[in-house]
Amino acid sequence: AHSETYGNLVFQTPIAELPIDRVTQAEAIAYNRFRSLYERNWRKYFDPIGVSFGVSGESVDVDLTIFPLGRNSDYEDFIELTQGTEMAPDSGDPHDGVLARFGMSINKESTLFRKLGGFASIVDPAGSGSPLSWLGDSLTIYADDTPFWDEAVNAMDPDPSDWFLLNIHKLPVAIQVEVSGSLQVAAFLSSLRALSESSAPGLVIWENFKFKGRSYVKVSGKDRIDDSISPELALYYAVTPNSLLLTLSEDLIKRALTRMERREEGAATKELEPWLGKQVAFQSISRVVTLLDKLRKKDALSALRLASWSNIPILNQWKQLYPELDPMAFHEQFWGVHLQCPSGQPYRWNDTWQTFESPVYGHPGEPTEVDEVVRPQLIDVTGASLGLTFELGGLRARLSLER
């Protein structure tokens, strides 16, 4: 299908080359609004966007720059929350065995942290007016790749949420906040503990423990909140010279303290690649997608089955109209779209039902029972990293896929 004016789906005629002489009033109003906003944001510049791609034997890299960012952009909240500070490339305890981790720099003068500071002032031990002055320049959230996730997948039926609540004390997720002074954060936590004990005496239990010569604290409730929640639910935290670590998993905090001891002894450790962004960054391994698919198996299967079946009606139509032609090739030739099942496998003809079907998901008249989510594997991705850096009034976004 080809239009001499608009081209086709393989190559559409650029808007600048279209002979447009007349438009509707609504179109004129919409375009003038867009043009006015665009020129107001970037009246001194040409289109300020550039992107480069790099492909090697082991990685695919994308490096995007927008300079400058338009005013009132969607990034304003992130900019305010992170401006003026940067994450160090190795911040956040990079270590082998991480499933995924997220990091961001912290601007203590941002609106959000001012509000948090106002709330935290009730436990300000010195009445200094800056109860969060101990905060450093970054915050990291990470999840370790432990048997917990496979156990969660195996416990999906009948309701995985029930299993999560009963095993939440083993959740291998931690929050690590960089600190500028360990004495200040220790004073803040001591004041918080004193406030808890004076306002609700006996309801919260604070216990000190030692591991590898280092201290950590367990904070738990005296009474069980609910029978559906793990009786072992507690918050663990440890203060180190450079960070405050919080987690629900005692095993996780012990492993973090073990890594600290090994680093101090000079032992070699396998660590992750540096952050790609100075303000916001994310890293993960390929197992994340697989686990997410398995954890939300029902929803994922339903969406993939629907996407697979949505191609079948038009393929049946081409089969009926042009029985001598290959329906997939015919559709691609005239519409520029290759119809493919989300499983990555080609459709096949079911002579009994007189319809095309997916070799994985079947067809609406005879659905196939599927035990696992099947997706096409275009490239063998073993890890992904994303980073955002706000610099010189602009944005730099980097993406790296490891193969």
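Thr355 counts as buried, since its relative accessibility is 9%; buried here means under 20% relative accessible area, exposed means over 50%, and partly exposed is in between (1.4 Å probe, protein chains only). Before going on, keep in mind that this is a predicted model, where local features need pLDDT of at least 70, side-chain atom pairs count only at pLDDT 80 or more, and totals for chains, interfaces and linings use all residues. Residues are numbered from 1 along each chain as its sequence is written, and side-chain values use heavy atoms, with hydrogens and water left out.

Back to Thr355, which sits in strand β12 (residues 355–357). Helices (H or I, at least four residues) and strands (E, at least two) are DSSP runs, numbered from the N terminus. Who surrounds this threonine? Leaving aside neighbours within four places in sequence, Thr355 is in contact with Ile312, Asn316, Arg348, Trp349, Asn350 and His363, where contact means heavy atoms within 4.5 Å. With Asn316 there is also a side-chain polar contact of 2.9 Å. That term covers a pair of N or O atoms within 3.5 Å; within protein, one must be able to donate a hydrogen and the other to accept it, and residues adjacent in sequence count only if both atoms are side-chain atoms.

Now for the aromatics. A search of the whole structure turns up 13 aromatic pairs. Rings of Phe, Tyr and Trp (its six-membered ring) pair if their centres lie within 6.5 Å, and planes under 30 degrees apart count as stacked, over 60 as edge-to-face and the rest as tilted. Phe148 and Trp149 make an edge-to-face pair, 5.1 Å centre to centre with 90 degrees between the planes. Phe148 is buried at 3% relative accessibility, and Trp149 is buried too, at 11%. Tyr216 and Tyr236 give a tilted pair, at 6.3 Å centre to centre and 50 degrees between the planes. Tyr216 lies in strand β7 (residues 214–221) and Tyr236 in strand β8 (residues 235–239), so this pair ties together parts that are 20 residues apart in sequence. Both of these tyrosines, Tyr216 and Tyr236, are buried. As for Phe148 and Trp149, they belong to one aromatic cluster with Trp163 and Phe164.

Charged side chains come next. The structure holds 11 salt bridges, each a side-chain nitrogen of Lys or Arg within 4 Å of a carboxyl oxygen of Asp or Glu. In one of them, Asp144 meets Arg255, with the closest N and O atoms 3.1 Å apart. Asp144 lies in strand β4 (residues 135–144) and Arg255 in helix α7 (residues 250–264), so the pair ties together parts that are 111 residues apart in sequence. Asp144 is buried at 1% relative accessibility, while Arg255 is partly exposed at 29%.

Arg255 also forms a salt bridge with Asp251, whose closest N and O atoms are 3.1 Å apart. These two, Arg255 and Asp251, both lie in helix α7, four residues apart, about one turn of the helix. Asp251 is partly exposed, with a relative accessible area of 45%.

Another salt bridge joins Lys170 and Glu151, the closest N and O atoms being 3.5 Å apart. Lys170 is in the loop between α5 (160–166) and β5 (173–179), and Glu151 is in helix α4 (residues 147–154), 19 residues apart. Finally, Asp93, Arg259 and Arg263 are linked in a network of salt bridges.
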